Amino acid sequence: MEPPKIWREKRERYLAVGIKCLDCENKSFPKSEFCTKCSSNNVKEYKLADTGKLLYFTQITQTAQEMIEYAPYIVGIVELDDTLKVTGQIVDCNLDEVKEGMSVRMVFRILARDGNEGLIRYGFKFAPS
Ligand SMILES: [Zn+2]
């Protein structure tokens, strides 16, 4: 069953939150207590841009057990419109449709299922826009 829309939106907002350093302006993801550049703790949360462009990509064929149901899959480095670079799976397209420099948008999907406890981890991936 799908969770109510408002819960889903709340969860999605939370998953796409990084930090911005108020001392040096550096942005980083995932969220942490300290700036990854200058170690300042004068940081605040910010919502990542949800669109960007694909810089590099590769196809993954050998993977960990928890990801085996998705293999082969495509992983890329995306430069978000707010300049932050993040790694993510590229979905909703075939390998021959993926091009460096193409525009992508963030989509929220299951990242992995934990085999033993059946836990589902959600996160963002990228689809052509
Ligand atoms: Zn900083």
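In which strand is Tyr-73 found? Tyr-73 belongs to strand β5, where helices (H or I, at least four residues) and strands (E, at least two) are DSSP runs numbered from the N terminus. The structure is a predicted model, in which local features need pLDDT of at least 70, side-chain atom pairs count only at pLDDT 80 or more, and totals for chains, interfaces and linings use all residues. Residues are numbered from 1 along each chain as its sequence is written.

The chain contains one helix and eight strands, arranged along the sequence as α-β-β-β-β-β-β-β-β. Its C-alpha trace spans about 40 × 35 × 30 Å along the principal axes. Of the 129 residues, 16% count as buried; a residue is buried if 20 or more other C-beta atoms, placed from the backbone, lie within 10 Å of its own, exposed if 12 or fewer, and partly exposed in between.

Tyr-73 is classed as partly exposed because it has 16 C-beta neighbours inside 10 Å. Leaving aside neighbours within four places in sequence, Tyr-73 is in contact with Ile-60 and Gln-89, a contact being two residues whose C-beta atoms, placed from the backbone, lie within 7 Å.

Not counting residues up to four places away in sequence, Met-106 touches Ala-16, Asp-50, Phe-124 and Phe-126.
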